[in-house]
Amino acid sequence: MTKPPKSKPLLQDDKPLRSRARKPRDPSQPNLPLDPMPARIEPCLAVLKQKPPKGDQWVFEIKWDGYRIAVHIKPKGVRILTRGGHDWTHRFPAIAAEAAQLGAATAILDGEAVILDERGRSDFGMLQQSLGGRGGKLNSGASVLMAFDLLYFDGHDLTNTELSTRRHLLEGLIAPGRESAIRLSEEIEADGDQLLQVACEHGLEGIIAKRRDSHYHSDKSGDWLKIKCIQSDGFLIVGYEKSSVALGGIGRLLLAARRGNELVYVGGVGTGFNARSASDVRDQMDELIIDKPAVDTGRKRNAVFVRPKLVAEIAYRGWTHDGKLRHASYKGLREVQDNAAIFHVS
């Protein structure tokens, strides 16, 4: 089994970020009645904001760029579920093996499966390739779980307890600074604006803000916020412009977003590919070719149109005045099992 590589600590060159030391639980505290372990908990989702929130009620974490997963630990074994509820235990063998050794009788960890580069930054493209691309069948032994929440622990449902309590228990289970297939996503107490600036300077995707006193609410409650350095969203591929010199013969992918129940063309992307990712997306597009475009893309030369089935994760800097993506870069294809969200334009 491939072991996850060691990586440098993020944001600080002289010492790594560390969560605050926590006091051990008082064994004299009364035990609570046991709660049945849920088969699945819908994930809490962060709301996108342009600026970090202000106030002592907020704490921050790094925003990781990978696949959201829940790790269910039971005496009979470990299950790893994607955001869409699909069982991917076999896809992340190192995480599953590490979870079985954590020492918890029962637990549900919430986090992000990532692959880290040599500087400790999560790289979605590397994760995609380790899994064999969209629809691939490979197992990613190099992936690690950046755990940021504990939803169930030793027979107790924690979703109705405050974040600060859940973090206390999580940090007792996963020690800060641990370098293995399961690692703690460090909680950072800092000024949000300064932290975002440092994160962007280090080439990270952004930061997450969470209310200390918040319970765990499935879907979007506003208790979790995400602030990105570079915008990144999912768009449908509706075709591509052919090129005799570009990787995979792809000059540009043609992209669409949703507007209500319809699709709207939002421009193209011609950068961010490598030989493997270009070949992968080209192979999948060749199986979806249609005669007429699914959306009006304007007049295009040497264009090939495809059924809008593939969701591409695209990084971009903003929008042009006519509703097209600005400075777009291809990151990879999203999986159906990851509940690939398609961007909605207003």
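Me: Which strands each supply at least two residues of the lining of the largest cavity?
Reply: The model is a predicted one. The search of the whole structure gives two cavities of 30 Å³ or more, and the largest holds about 90 Å³ of space. Its lining has 13 residues, with Ile41, Pro43, Ile69, Ala70 and Thr82 nearest the centre. The strands that each supply at least two lining residues are β3 and β4.

Me: Which element gives the most to the lining of the largest cavity, and with how many residues?
Reply: By residue class, the lining of this cavity divides into seven nonpolar, two polar and four charged. The element that gives the most is β3, and its share is four residues.

Me: What is the volume of the largest pocket, and which residues are the closest to its centre?
Reply: The volume of the largest pocket is about 860 Å³. Its lining consists of 35 residues, and those closest to the centre are Ala46, Lys63, Arg83, Lys226 and Lys228.

Me: How do the residues of the lining of the largest pocket divide into nonpolar, polar and charged?
Reply: Strands β1 (44-48), β2 (58-62), β3 (67-74), β9 (206-211), β10 (219-228) and β11 (231-242) each supply at least two lining residues. The most come from β1, which gives five. The division by class is 15 nonpolar, five polar and 15 charged.

Me: Which residues touch the most other members of the largest nonpolar core?
Reply: In soluble globular proteins, nonpolar side chains tend to be buried together. The largest such core here has 30 residues, and the members with the most contacts to other members are Val71, Phe92, Ile95 and Leu109. Elements that give two or more residues to this core are β3, β4 (77-82), α1 (93-100), β5 (107-114), α2 (124-130), β6 (144-153), α3 (163-173) and β8 (182-184). There is also a second, separate core of 27 residues, including Leu255, Leu310, Phe343 and Val345.

Me: Which elements do the buried residues of α1 pack against?
Reply: The buried residues of α1 are Ala94, Ile95, Ala96, Glu98 and Ala99. Two of these, Ile95 and Ala99, are among the contacts of Val71 beyond four places in sequence. The elements packed against by the buried residues of α1 are β3, β4, β5, β6 and β8.

Me: Is Ile174 buried or exposed?
Reply: Ile174 sits in the loop between α3 and β8. Beyond four places in sequence, Ile174 touches Leu109, Ala147, Ile182, Arg183 and Leu184. Its relative accessibility is 0%, so Ile174 counts as buried.

Me: Which residues form a disulfide, and where in the chain do they lie?
Reply: The whole structure contains one disulfide. The sulfur atoms of Cys200 and Cys229 are 2.1 Å apart, and these two residues form the disulfide. They are 29 residues apart and link distant parts of the chain, with Cys200 in helix α4 (residues 192-201) and Cys229 in the loop between β10 and β11.

Me: What is the handedness of the disulfide of Cys200 and Cys229?
Reply: Handedness follows from the torsion about the S-S bond, which for Cys200 and Cys229 is about -95 degrees. The disulfide is therefore left-handed.

Me: Does Cys44 count as buried or exposed?
Reply: Cys200 has 34% relative accessibility and so counts as partly exposed. The value for Cys44 is 1%, and the cut-off for buried is under 20%. Cys44 therefore counts as buried.

Conventions
Residues are numbered from 1 along each chain as its sequence is written. This is a predicted model: local features need pLDDT of at least 70, side-chain atom pairs count only at pLDDT 80 or more; totals for chains, interfaces and linings use all residues. Side-chain values use heavy atoms; hydrogens and water are left out. On a 1 Å grid over the protein atoms alone, a cavity is a set of points where a 1.4 Å probe fits but cannot get out, and a pocket is an open set with protein on both sides within 12 Å along at least five of seven lines; lining residues have an atom within 4 Å of a point. Grid points are joined across faces, edges and corners, and a volume is the space filled by probe spheres set on the points. Ala, Val, Leu, Ile, Met, Phe, Trp, Tyr, Cys and Pro count as nonpolar, Asp, Glu, Lys and Arg as charged, and the others, Gly among them, as polar. A nonpolar core is a set of buried Ala, Val, Leu, Ile, Met, Phe, Trp, Tyr and Cys residues joined through side-chain atoms within 4.5 Å. Buried means under 20% relative accessible area, exposed over 50%, partly exposed in between (1.4 Å probe, protein chains only). Contact means heavy atoms within 4.5 Å. A disulfide is a pair of cysteine sulfur atoms within 2.5 Å.
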